[in-house]
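Work through the exercises below with the sequence and the 3D structure at hand. Each task is followed by a solution in steps.

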Amino acid sequence: MQQNEFIKIVSPFKDKLFRLAKRLLVSTEEAEDATQEVLVKLWTKNETLSELKSIEAMAMTMTKNYCLDQLKSKRAGNLTLVHNNYTDSQASLLQQLEDADSLSWVEKIINELPEQQKLIIQMRDIEQYEYEEIAKILEMNETAVRVALSRARKTIRERITETHNYGIG
Amino acid sequence: MALDNIEKILDKYFEGETSIAEENELKDYFSSSDVAQHLKPYQPIFGYFSQAKEQQFTQEIPLQTKKPNKVMWLSIAASVVMLLGVSTMMYFENNESKQFVACTPEDSPELAFEQTQKALALVSEHLNTGIQSVGYINEYENSKNKIFKK
(Lines give C-alpha, C1' and ligand atoms only; values in the text may rest on other atoms or scores of the structure.)
Protein backbone atom coordinates (compact mmCIF):
# COMPACT_ATOMS: atom_id res chain seq x y z
CA MET A 1 0.00 0.00 0.00
CA GLN A 2 1.30 3.42 -0.91
CA GLN A 3 1.47 6.32 1.51
CA ASN A 4 -1.22 8.44 -0.15
CA GLU A 5 -3.46 5.42 -0.47
CA PHE A 6 -3.10 4.83 3.26
CA ILE A 7 -3.90 8.46 4.04
CA LYS A 8 -7.00 8.19 1.90
CA ILE A 9 -8.21 5.18 3.88
CA VAL A 10 -7.38 6.75 7.21
CA SER A 11 -8.70 10.28 6.76
CA PRO A 12 -12.43 9.52 7.12
CA PHE A 13 -11.93 8.24 10.64
CA LYS A 14 -8.79 9.93 11.94
CA ASP A 15 -10.93 12.61 13.60
CA LYS A 16 -12.89 9.92 15.39
CA LEU A 17 -9.67 8.41 16.73
CA PHE A 18 -8.60 11.82 17.93
CA ARG A 19 -11.92 12.52 19.66
CA LEU A 20 -11.88 9.13 21.33
CA ALA A 21 -8.34 9.72 22.56
CA LYS A 22 -9.29 13.16 23.79
CA ARG A 23 -12.28 11.76 25.65
CA LEU A 24 -9.98 9.47 27.59
CA LEU A 25 -6.83 11.56 27.92
CA VAL A 26 -8.59 14.98 28.18
CA SER A 27 -5.51 16.93 27.10
CA THR A 28 -5.50 17.91 23.42
CA GLU A 29 -1.73 17.48 23.07
CA GLU A 30 -1.76 14.01 24.53
CA ALA A 31 -4.70 13.05 22.33
CA GLU A 32 -2.80 14.28 19.27
CA ASP A 33 0.26 12.26 20.25
CA ALA A 34 -1.88 9.19 20.83
CA THR A 35 -3.57 9.56 17.44
CA GLN A 36 -0.26 9.90 15.66
CA GLU A 37 1.11 6.93 17.51
CA VAL A 38 -1.85 4.77 16.55
CA LEU A 39 -1.76 5.85 12.91
CA VAL A 40 1.95 5.11 12.66
CA LYS A 41 1.38 1.71 14.24
CA LEU A 42 -1.36 1.11 11.71
CA TRP A 43 0.98 2.10 8.89
CA THR A 44 3.61 -0.40 10.02
CA LYS A 45 0.96 -3.11 9.78
CA ASN A 46 0.48 -2.02 6.19
CA GLU A 47 0.70 -5.45 4.51
CA THR A 48 -1.91 -7.10 6.70
CA LEU A 49 -4.36 -4.18 6.50
CA SER A 50 -6.06 -5.21 3.31
CA GLU A 51 -7.08 -8.52 4.89
CA LEU A 52 -9.01 -6.74 7.63
CA LYS A 53 -12.76 -6.36 7.43
CA SER A 54 -12.87 -2.98 9.09
CA ILE A 55 -9.71 -0.95 9.45
CA GLU A 56 -11.70 1.69 11.29
CA ALA A 57 -12.85 -0.70 14.03
CA MET A 58 -9.31 -1.98 14.36
CA ALA A 59 -7.96 1.56 14.64
CA MET A 60 -10.57 2.43 17.26
CA THR A 61 -9.62 -0.61 19.32
CA MET A 62 -5.95 0.30 19.05
CA THR A 63 -6.68 3.86 20.15
CA LYS A 64 -8.72 2.64 23.10
CA ASN A 65 -5.98 0.26 24.20
CA TYR A 66 -3.23 2.81 23.72
CA CYS A 67 -5.05 5.44 25.77
CA LEU A 68 -5.92 3.04 28.57
CA ASP A 69 -2.27 2.00 28.71
CA GLN A 70 -1.25 5.64 28.88
CA LEU A 71 -3.65 6.26 31.73
CA LYS A 72 -2.47 3.18 33.56
CA SER A 73 1.19 4.16 33.35
CA LYS A 74 0.32 7.68 34.42
CA ARG A 75 -1.50 6.35 37.44
CA ALA A 76 1.36 4.00 38.24
CA GLY A 77 3.55 7.08 38.53
CA ASN A 78 2.86 9.04 41.67
CA LEU A 79 0.91 11.82 40.02
CA THR A 80 -2.45 10.74 41.35
CA LEU A 81 -5.10 13.35 41.82
CA VAL A 82 -7.17 12.46 44.84
CA HIS A 83 -10.71 13.17 43.94
CA ASN A 84 -12.04 14.37 47.28
CA ASN A 85 -9.35 17.06 47.34
CA TYR A 86 -11.45 19.45 45.37
CA THR A 87 -15.04 18.60 46.24
CA ASP A 88 -15.21 21.69 48.43
CA SER A 89 -15.21 24.04 45.50
CA GLN A 90 -18.08 22.12 43.91
CA ALA A 91 -20.85 24.42 45.15
CA SER A 92 -19.38 27.63 43.86
CA LEU A 93 -18.35 25.81 40.73
CA LEU A 94 -21.96 24.88 40.05
CA GLN A 95 -23.07 28.42 40.49
CA GLN A 96 -20.41 29.64 38.14
CA LEU A 97 -21.48 27.10 35.61
CA GLU A 98 -25.10 28.11 35.89
CA ASP A 99 -24.37 31.14 33.81
CA ALA A 100 -21.28 29.76 32.11
CA ASP A 101 -21.31 27.48 29.12
CA SER A 102 -23.71 24.66 29.85
CA LEU A 103 -22.17 22.57 27.10
CA SER A 104 -18.81 22.43 28.82
CA TRP A 105 -20.69 21.37 31.92
CA VAL A 106 -21.96 18.33 30.05
CA GLU A 107 -18.39 17.64 28.98
CA LYS A 108 -17.27 17.74 32.61
CA ILE A 109 -19.97 15.29 33.64
CA ILE A 110 -19.00 12.89 30.88
CA ASN A 111 -15.35 13.17 31.83
CA GLU A 112 -16.18 12.09 35.34
CA LEU A 113 -17.77 8.85 34.19
CA PRO A 114 -15.88 5.55 34.43
CA GLU A 115 -13.63 4.95 31.42
CA GLN A 116 -15.76 2.28 29.85
CA GLN A 117 -18.88 4.43 30.00
CA LYS A 118 -16.94 7.36 28.59
CA LEU A 119 -15.89 5.21 25.64
CA ILE A 120 -19.42 4.03 25.01
CA ILE A 121 -20.99 7.49 25.24
CA GLN A 122 -18.32 8.79 22.91
CA MET A 123 -18.90 6.09 20.33
CA ARG A 124 -22.69 5.98 20.52
CA ASP A 125 -23.90 9.49 21.25
CA ILE A 126 -21.15 11.41 19.52
CA GLU A 127 -19.84 9.17 16.73
CA GLN A 128 -23.14 7.28 16.34
CA TYR A 129 -21.75 3.80 15.92
CA GLU A 130 -24.16 0.87 15.92
CA TYR A 131 -24.21 -1.32 19.03
CA GLU A 132 -22.69 -4.15 17.06
CA GLU A 133 -19.68 -2.06 16.07
CA ILE A 134 -19.18 -0.74 19.60
CA ALA A 135 -19.29 -4.27 20.95
CA LYS A 136 -16.64 -5.32 18.45
CA ILE A 137 -14.37 -2.38 19.15
CA LEU A 138 -14.58 -2.78 22.91
CA GLU A 139 -14.46 -6.57 22.77
CA MET A 140 -17.68 -6.80 24.82
CA ASN A 141 -21.10 -8.25 24.09
CA GLU A 142 -23.94 -6.06 22.91
CA THR A 143 -26.09 -6.40 26.00
CA ALA A 144 -23.27 -5.24 28.22
CA VAL A 145 -22.78 -2.23 25.94
CA ARG A 146 -26.47 -1.32 26.21
CA VAL A 147 -26.46 -1.68 29.98
CA ALA A 148 -23.35 0.47 30.39
CA LEU A 149 -24.73 3.06 27.98
CA SER A 150 -28.03 3.27 29.82
CA ARG A 151 -26.19 3.66 33.10
CA ALA A 152 -23.99 6.41 31.68
CA ARG A 153 -26.95 8.31 30.20
CA LYS A 154 -28.85 8.10 33.46
CA THR A 155 -25.86 9.40 35.38
CA ILE A 156 -25.65 12.34 33.01
CA ARG A 157 -29.37 12.99 33.42
CA GLU A 158 -29.06 12.85 37.18
CA ARG A 159 -26.19 15.29 37.29
CA ILE A 160 -27.88 17.63 34.84
CA THR A 161 -31.17 17.77 36.73
CA GLU A 162 -29.21 18.15 39.96
CA THR A 163 -27.56 21.29 38.67
CA HIS A 164 -30.77 22.54 37.21
CA ASN A 165 -32.63 22.22 40.49
CA TYR A 166 -29.72 23.81 42.25
CA GLY A 167 -30.21 26.90 40.17
CA ILE A 168 -33.90 27.08 41.08
CA GLY A 169 -33.52 26.26 44.75
CA MET B 1 -43.18 16.74 16.34
CA ALA B 2 -45.63 15.51 18.97
CA LEU B 3 -44.35 16.15 22.44
CA ASP B 4 -45.47 12.83 23.90
CA ASN B 5 -43.63 11.10 21.09
CA ILE B 6 -40.42 12.91 22.05
CA GLU B 7 -40.97 11.97 25.67
CA LYS B 8 -41.41 8.36 24.71
CA ILE B 9 -38.20 8.36 22.70
CA LEU B 10 -36.42 10.12 25.53
CA ASP B 11 -37.44 7.38 27.97
CA LYS B 12 -36.23 4.75 25.55
CA TYR B 13 -33.04 6.74 25.15
CA PHE B 14 -32.20 6.55 28.83
CA GLU B 15 -32.83 2.81 28.80
CA GLY B 16 -30.35 2.42 25.94
CA GLU B 17 -33.00 1.16 23.54
CA THR B 18 -33.11 3.83 20.88
CA SER B 19 -31.89 3.39 17.33
CA ILE B 20 -29.55 5.85 15.63
CA ALA B 21 -32.52 7.30 13.73
CA GLU B 22 -34.46 7.94 16.94
CA GLU B 23 -31.43 9.52 18.52
CA ASN B 24 -31.11 11.82 15.55
CA GLU B 25 -34.77 12.78 16.03
CA LEU B 26 -33.94 13.77 19.60
CA LYS B 27 -30.93 15.76 18.42
CA ASP B 28 -33.07 17.58 15.90
CA TYR B 29 -35.77 18.30 18.44
CA PHE B 30 -33.39 19.69 21.03
CA SER B 31 -31.53 21.82 18.50
CA SER B 32 -34.79 23.51 17.50
CA SER B 33 -35.94 26.69 19.21
CA ASP B 34 -39.24 25.43 20.67
CA VAL B 35 -38.23 22.94 23.32
CA ALA B 36 -40.85 22.26 26.01
CA GLN B 37 -40.02 23.94 29.30
CA HIS B 38 -39.76 20.74 31.32
CA LEU B 39 -37.39 19.22 28.75
CA LYS B 40 -35.05 22.22 28.66
CA PRO B 41 -32.52 20.64 31.07
CA TYR B 42 -31.78 17.96 28.47
CA GLN B 43 -31.00 20.47 25.80
CA PRO B 44 -27.28 20.90 26.62
CA ILE B 45 -26.73 17.13 26.52
CA PHE B 46 -27.73 16.84 22.89
CA GLY B 47 -26.19 20.19 22.09
CA TYR B 48 -22.91 18.95 23.45
CA PHE B 49 -23.06 15.71 21.45
CA SER B 50 -23.44 17.62 18.19
CA GLN B 51 -20.74 20.08 19.13
CA ALA B 52 -18.28 17.38 20.21
CA LYS B 53 -18.44 15.81 16.79
CA GLU B 54 -16.96 18.92 15.24
CA GLN B 55 -13.50 18.54 16.70
CA GLN B 56 -10.87 17.61 14.19
CA PHE B 57 -7.42 16.13 14.16
CA THR B 58 -5.26 18.75 12.52
CA GLN B 59 -1.81 17.25 13.02
CA GLU B 60 0.32 15.76 10.29
CA ILE B 61 0.52 12.00 10.11
CA PRO B 62 4.22 11.25 10.48
CA LEU B 63 4.74 8.34 8.11
CA GLN B 64 8.30 7.36 7.45
CA THR B 65 8.27 5.32 4.30
CA LYS B 66 10.03 1.99 4.46
CA LYS B 67 11.66 2.72 7.76
CA PRO B 68 11.77 -0.91 8.85
CA ASN B 69 13.55 -1.78 5.58
CA LYS B 70 16.29 0.74 6.30
CA VAL B 71 16.89 -0.81 9.68
CA MET B 72 17.01 -4.23 8.11
CA TRP B 73 19.61 -3.18 5.54
CA LEU B 74 21.70 -1.49 8.18
CA SER B 75 21.79 -4.63 10.29
CA ILE B 76 22.69 -6.77 7.30
CA ALA B 77 25.54 -4.38 6.42
CA ALA B 78 26.78 -4.42 9.99
CA SER B 79 26.81 -8.19 10.18
CA VAL B 80 28.66 -8.47 6.84
CA VAL B 81 31.32 -6.06 8.10
CA MET B 82 31.63 -8.05 11.32
CA LEU B 83 31.93 -11.31 9.46
CA LEU B 84 34.62 -9.89 7.14
CA GLY B 85 36.55 -8.46 10.06
CA VAL B 86 36.53 -11.65 12.05
CA SER B 87 37.40 -13.84 9.09
CA THR B 88 40.36 -11.67 8.02
CA MET B 89 41.64 -11.70 11.58
CA MET B 90 41.39 -15.46 11.69
CA TYR B 91 43.09 -15.69 8.31
CA PHE B 92 46.10 -13.64 9.38
CA GLU B 93 46.41 -15.49 12.63
CA ASN B 94 46.43 -18.78 10.76
CA ASN B 95 49.12 -17.45 8.45
CA GLU B 96 51.32 -16.52 11.36
CA SER B 97 51.10 -19.92 12.92
CA LYS B 98 51.78 -21.49 9.53
CA GLN B 99 55.18 -19.83 9.59
CA PHE B 100 56.19 -22.75 11.72
CA VAL B 101 56.12 -25.64 9.33
CA ALA B 102 56.28 -29.07 10.78
CA CYS B 103 59.56 -30.69 9.75
CA THR B 104 62.38 -32.79 11.11
CA PRO B 105 66.01 -31.70 11.15
CA GLU B 106 66.87 -34.68 8.92
CA ASP B 107 64.71 -33.35 6.08
CA SER B 108 66.30 -29.94 5.82
CA PRO B 109 68.66 -28.79 8.51
CA GLU B 110 68.52 -25.16 7.32
CA LEU B 111 64.77 -24.96 7.62
CA ALA B 112 64.82 -26.63 11.01
CA PHE B 113 67.48 -24.20 12.17
CA GLU B 114 65.50 -21.26 10.91
CA GLN B 115 62.35 -22.50 12.59
CA THR B 116 64.09 -23.05 15.88
CA GLN B 117 65.64 -19.61 15.74
CA LYS B 118 62.28 -18.08 15.08
CA ALA B 119 60.72 -19.98 17.93
CA LEU B 120 63.50 -19.00 20.29
CA ALA B 121 63.22 -15.38 19.24
CA LEU B 122 59.52 -15.48 19.98
CA VAL B 123 60.13 -16.97 23.41
CA SER B 124 62.83 -14.46 24.28
CA GLU B 125 60.66 -11.60 23.09
CA HIS B 126 57.90 -12.68 25.45
CA LEU B 127 60.44 -13.22 28.17
CA ASN B 128 61.77 -9.69 27.71
CA THR B 129 58.35 -8.17 28.17
CA GLY B 130 58.09 -10.16 31.39
CA ILE B 131 61.48 -8.94 32.55
CA GLN B 132 60.53 -5.38 31.69
CA SER B 133 57.65 -5.49 34.15
CA VAL B 134 59.96 -6.96 36.78
CA GLY B 135 62.12 -3.89 36.20
CA TYR B 136 59.24 -1.71 37.37
CA ILE B 137 59.02 -3.72 40.55
CA ASN B 138 62.72 -3.11 41.14
CA GLU B 139 62.10 0.60 40.71
CA TYR B 140 59.46 0.43 43.44
CA GLU B 141 61.89 -1.40 45.65
CA ASN B 142 64.53 1.31 45.12
CA SER B 143 62.25 4.20 45.94
CA LYS B 144 60.89 2.36 48.94
CA ASN B 145 64.40 1.90 50.22
CA LYS B 146 65.10 5.59 49.74
CA ILE B 147 62.17 6.50 51.97
CA PHE B 148 62.57 3.87 54.62
CA LYS B 149 66.30 4.04 55.01
CA LYS B 150 67.36 0.75 56.38
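The expected span of a helix is 1.5 Å times one less than its number of residues. Helices (H or I, at least four residues) and strands (E, at least two) are DSSP runs, numbered from the N terminus. The model is predicted: local features need pLDDT of at least 70, side-chain atom pairs count only at pLDDT 80 or more, and totals for chains, interfaces and linings use all residues. Residues are numbered from 1 along each chain as its sequence is written, and chains are lettered from A in the order in which they are written.

**Exercise 1.** Compare the reach of helix α2 (residues 20-31) of chain B with its expected span.

Solution. Step 1: the helix α2(B) has twelve residues. Step 2: from its first C-alpha to its last, α2(B) reaches 16 Å. Step 3: this is close to the 16 Å expected at 1.5 Å a residue.

**Exercise 2.** Find which residues of α2(B) are buried and which are exposed on the other side.

Solution. Step 1: a residue is buried if 20 or more other C-beta atoms lie within 10 Å of its own, exposed if 12 or fewer, and partly exposed in between, with C-beta atoms placed from the backbone. Step 2: B:Leu26, B:Tyr29 and B:Phe30 are the buried ones. They lie on the same side of α2(B) because they cover an arc of only 90° around the axis, the arc being that of the directions from the helix axis to the C-beta atoms. Step 3: B:Ile20, B:Ala21, B:Asp28 and B:Ser31 are exposed on the other side of α2(B). Step 4: the cover over the buried residues includes α1 (3-14) and α3 (43-52) of chain B.

**Exercise 3.** Describe the secondary structure and burial of chain A.

Solution. Step 1: chain A has ten helices and zero strands. Step 2: of its 169 residues, 28% count as buried.

**Exercise 4.** How many residues does each chain bring to the contact between A and B?

Solution. Step 1: two residues are in contact if their C-beta atoms, placed from the backbone, lie within 7 Å. Step 2: chain A brings 34 residues and chain B brings 23. Step 3: on the side of chain A that touches chain B, α10(A) gives the most, with eleven residues.

**Exercise 5.** Is A:Ser50 buried or exposed?

Solution. Step 1: A:Ser50 sits in the loop between α4 (46-49) and α5 (55-76) of chain A. Step 2: A:Ser50 has 9 other C-beta atoms within 10 Å, so it is exposed. Step 3: A:Met1 is 49 residues from A:Ser50 in sequence and 8.6 Å from it in space, C-alpha to C-alpha.
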